[in-house]
Amino acid sequence: VESLQESARVSDPKLDLLQGTLDLMVLRTLESMGAMHGYGIARRIEQLSNDQVLLNQGTIYPSLVRLQNRGWISAAWGVSDNNRKAKFYSITKAGKRQIKEELANWERLSAVMGRVLAAGEGGA
Amino acid sequence: MSLLREAWARLRSFFRKGELDADFSEELASHIELAAEDNLRQGMTPAEARRQALIQLGGIEPAKEAHREWRGLPWLDGIVQDLRHAFRSMGRTPGFTLTIIAVLSLGIGANTAIFSLLNTLMLRPLPVRDPGELVEFLSVYPGDPRLNSFNWKYFERFRDQNHVFSGMTGVSPNNFQVSLDGGETEELLGGYVPGNFFSMVGVKPGLGRLIEPQDDRLGSPNAAVAVVSWSFWNSRFHLDPSILGKQIVVNREPVTIIGVTPREFIGLQVGTPRFLWIPAAMTPSQRATGELSLQLIARLKPGVSIEQAQAEMRLLDRERIEDIARNSPTKDPVLRQMRLDVEPASAGFSQLRERFGKPLLALMALVALLLLLMCVNVSSLLLAKAVAREREMAVRVSLGASRFRLLRQVLTESLALSALACAAGLGLAYVGAAFLVHIVVSGRRPPGVPPIEINLQLDGRVLLFSLAVALTAGLLFGLIPAFRAMRSAPMNSLRAAGKSSETRFARLFGRGLVATQVGLSVVLLSAAGLFAAHLSNLRNVGIGFASENLLLVSLDPSINGQGESLPLRCEQLLTSLQAIPGVHSASLVGATPISGAAASLFITAEGFEEPQQDRRYTAMNGVGPRYFETLGTPLLAGREFGVQDWQGRKVAIVNETLAEHYFAGRDPLGRHVTFDRSGETYEIVGVVGDAKYYELRDPPPRTIYLSAVRDGRVRARNIVVRTNVSPASLESQVRRTIDEVLADFPVVKVTTMTAQIDEAIVPERLVALLSGLFGVLGALLAAIGLYGLLAYLVARRVNEIGIRMALGAAPRKMAGMVFRDALATVSVGLALGTGAALGAKRLAAAVFSDLPIDQGMPLVLGAAAMMIVGLLASYMPCRRAARTNPVEALRHD
C-alpha cells in the first residue's frame, strides 16, 4: 500500500511550487486584474504559466484562504459577467504593501539562485 | 502582525465550521458552473463540459480537504476527532473505563493530597516581598528540638554586628487578652514586634499603615498602637474601614488600631495564624532588660549564601552561648555545646517543617511508587484491550491511516483517561487532604501553645502538580499500548481471522508488567511493615509502664502549692477512687509520662565524684502512693512511697539508669542525693525500672521521684487511675468522685495513656497509617493484575487445554500448568521487589535515624503477603483450567 502512494507522489509532473510563490502570483493577479472569482484566478494563472503551475484548479483555494486569513485579500459574493453568482476576491491595502515586500524578496532570492546555480555550472 | 491575524482568523474559523463549509461548497459549485460554461463554449456536450470541469478542479472533496487545512485549526480538528473517538471507545466498555479511572484517580488523588500538605507546610512561600531571601535562626541544645527563640539583647547584637543580612527582625509570640468596646475579654494570638517588622518582612498594608520604627520607642505614647489581621477586621468589624483609629484594650492597655495586614498575611508560622501585632516597646520592662524573647527572621544580602550567613552568625552567637552558660543557675555544662543553625524561611518559621518534613517526604516517595504501580497496572489492562482492538487498528492501517496517527489516537485515549482521573482525583485529594490535616493537627501541645490551624488551599502549585502527575501517568501507561498500536502489522492481524497472534515478546512483556506490580507491592508492603514496626516499637518497646487501661485526669493547676486540709482530701480521693468497681489503683503525679511536661535538675550523689563538664540533668517527678504499681513500672528494690512519706524523713525513689550511673555495683538503698539548687538531701528508699518520661523517641532518662505531697503542700495536678476495664467506661464515675472530694479544683482534662502517647507520635502514626494503606492498595492491584493475566492466559489456551484433556491429561495437571505460570511471575516479582526494598531501606535509614531497619521481618512479611496474595489471585484461573470441558473448549473456536 505504502509503495503505491509513494509512486503516485513521485510521478507528479507539475512544478512543485513554494506556498509563498503561488500566493504572490494570486496577489499579483488580483492587483493587475481587479476583483476576480476563484475560477478566474485559476484560469489566469494556468494561461500565463502554460499549465505549468497548478496541480489542478482546486489548489488555488488554500492559497485564497491563507491570503484572506492574513488580511491581504478580501472576499464578497457577487455576480459574474454572465450573471452567475460567484465569490469575488480583491486585494486590500495590506495586500498591496505585501506585494512590494514579496517582490523584493523574490528578486533577492532569484538573484541568489541564479548566482549559485551559475557558479555550480561553472565549477563542474 | 499578519501571523497573529492569521491565528485569530483560524481560531474564529474553527468555531464557524458549518457555516464556512456551506459557503465553500457554494463557492465550489459556482466554480464548476463557470468552468463548465467555458467548456460548453469550446463545443463540449453539457455532460462532458461538466465532467472536464470537475477534472480541472481536481475533485470536490480534495479541494475541501485542502481548504479546511488552511482555514481553521486542523491539528485541533484532529484532536477533537481523536477525543470523540476516545470517548466513544470508552463508552463501549464502561466497566473497564470506570475501573481504570477509579484506580488512577486514587493514585492521582493520593499524590495530590500529600503534595498539598507538603506544599502548605513546606513549600508555599510567605506572601511577602522576595520570600526566598528570608532565613531564620535555630538554637540547638543537643538532644532537644531546634528552637527559634532569642532574647532581645542578642537580637540587637545580631542585628547591629552582622555583615550578611540586609535586615533582621523578629516577633515575640503572645496570647493577648483583648477586649473591644469594654466587652468581654477574649484571648487572641498575636505578637510583639520591633518597629522594622513589617518593612523588613516585606508586608504592605491592607488598610491604613503598619507598625513603623517610630512607633517602637520605649516610653513613647506613640507605641500604644496595634495592627490587626484581615480576618480580625472581617470577623469583629465586618471590614468597616472606620476600624482605623478605634481603641481596643490589649493586656489591660488601651491601644489604637492603625492598620490591617493584607488578607493573605497571617503571620510567619504556618498553622498558627496571628491576629494582632503590637510594638515591642509595649513590653517596657522586658525590652529594657533585653529579656523579651523573639523568634528571629532575617533577609540575606544579595549574593550571600546561607552557609556564609551561618558561619558569621555562629561567630556572633558565641557571646550569647557564653553568656547563657556563665549565668546558668544550674551550671549545665551542655549549654556550651549549643550551636546556632541558619535555615531558609521562605515558607515561614519551621516548627511544623521540623516535625513533618521528613515523614511527608517519605510518604511522597511511597505514594509516587504507588502511582507507578497503578500506571503499570492500567498499562497492562490497556494492553489487553489493545489486543482485542488489534483488528480495528489493522483495518485502519490498511485504509491508509498513518502509524503516527494511530499512536496519537491511542495516546489521546490514555490522556483523556488520565484527565478524567485527574478531575476525580482532585475531588478525592480534597477529602484526603482534610483527613491528613485532621491527623496533623491532632498532636499534643504544651499549655499555652495554640492549636495548629492548617488551611489547605488548592492553589496553582497543587493544581499544576496534579496535572503534571496526571500527564506523566497518562504518558507512562499509554506509551506501551501506543507503540503496540503503531507497530500493528495489518497482514498478520487480518490473516489471524479474528484471533490475534501473540508474539513470545508480547507474552513475556505482559508477564513482566505483572511481575513489576508484584515487585512494587513488595516494596510498598515492606515499607509499611517497617513504619508499622517503628510505630509499634515507639508505643510498646521499653517504655517502662503499661499504657493500656490507664485513665489520666488533670485538675486545675491551682491545686499546686495549696496547703491546709488538701493532703488529707487527696488521701480521701485516692481511697474513694480505688473503691470504684473496675479500678485497680489510683495515684497522684506531677507530670504524667509523654504529656509534654517534665521537670529536671542537677543532683549530687553520695560517694560519686564527677567533673563539672560531665554533669547532666536528672529528670524529676513527684508521685503519690502506689504510683509505680498503678503505672505498671516494676519496683526493683526497696519500697514505693506511702502516705507516711508526706512528712518527716525526706525520701526519694530512683530509676535503674540513675542507680547504675551514680551507684554502679553498690546498693543505692539508704544512700543520699542532694539537689544542687535547693541543697535538700533525700534518702533513697526504692529503685524502680526505667520508664520513658518526656520523649518517647529518647531512651529513658535518669529519673528521681519525690513524694507528690510534702509538708502539707501538693505538687501534683494529675491523677492516674489503673483500671481493670476499659478506662473510658469509668470516666464519668471518676469525674463524679473527684467532684465530690475536690470540688474546688475542676477537672480540666481527661484522657487515656494510649491517647496521650498517640498525640506525641503523630508524624509516625501518619506515616504508618498511610504506608499501610498504600501497601494494601498496591497488593490488591497487583493481585488484580495477576488475576487478569492468568485469566487471559487460560482463555487464550482454552483450545490447547481442551485438546490435552481430550488426550487424557488430568485436570490437576492443567491447573498446575496455570499455577506454574503464576508462581514464575510472582517469583520474578518477589526477587525484583526484594532487591528494590533492600535499597529503599538503606535510603529510609539515611533519612530516619531511628527506624528499626536491622529487622528483616517487614521485608519477609511483605514478600510472604505478596506470595499469599498471588496464590489467592491464581486460584480462580487455575480452577477454570481444571474444569475446562474438552468438548466445549474444542467447539470454542
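**View 1. Ser30(B) lies in helix 2 of chain B.** In this predicted model, Ser30(B) is buried, with a relative accessible area of 9%; this value falls in the buried class because that class takes residues under 20%. Leaving aside residues up to four places away in sequence, Ser30(B) touches Lys85(A) and Ala86(A).

**View 2. Chain B and chain A meet in a contact that takes 28 residues from chain B and 25 residues from chain A.** The side of chain B loses the most area to chain A at Glu27(B), Leu34(B) and Trp70(B), which together account for 26% of what that side buries. About 2,400 Å² is buried between the two chains, and carbon and sulfur atoms give 52% of this area.

**View 3. A salt bridge joins Arg84(A) to Glu33(B).** The closest N and O atoms of this pair are 2.7 Å apart. Across the interface of chain B and chain A, the rule finds 4 salt bridges. For polar contacts, 11 residue pairs are found across this interface, with both residues at pLDDT 80 or more.

**View 4. Four helices of chain B, namely helix 1 (2-14), helix 2 (17-41), helix 3 (46-57) and helix 4 (60-71), each give two or more residues to the side that touches chain A.** Helix 2 of chain B gives the most to this side, with 13 residues. Sorted by class, the side of chain B that touches chain A comprises 12 charged, 9 nonpolar and 7 polar residues.

Definitions and conventions. Residues numbered from 1 in each chain as written. Chains lettered and ligands numbered in written order. Predicted model: local features only at pLDDT ≥ 70, side-chain atom pairs only at ≥ 80, totals over all residues. Heavy atoms only, no water. Contact = heavy atoms within 4.5 Å. Buried area = accessible area lost by both parts, 1.4 Å probe. Salt bridge = Lys/Arg side-chain N within 4 Å of Asp/Glu carboxyl O. Polar contact = N/O pair within 3.5 Å; in protein donor to acceptor, adjacent residues only side chain to side chain. Nonpolar A, V, L, I, M, F, W, Y, C, P; charged D, E, K, R; others polar. Buried < 20%, exposed > 50% of the residue type's maximum accessible area, 1.4 Å probe, protein only.
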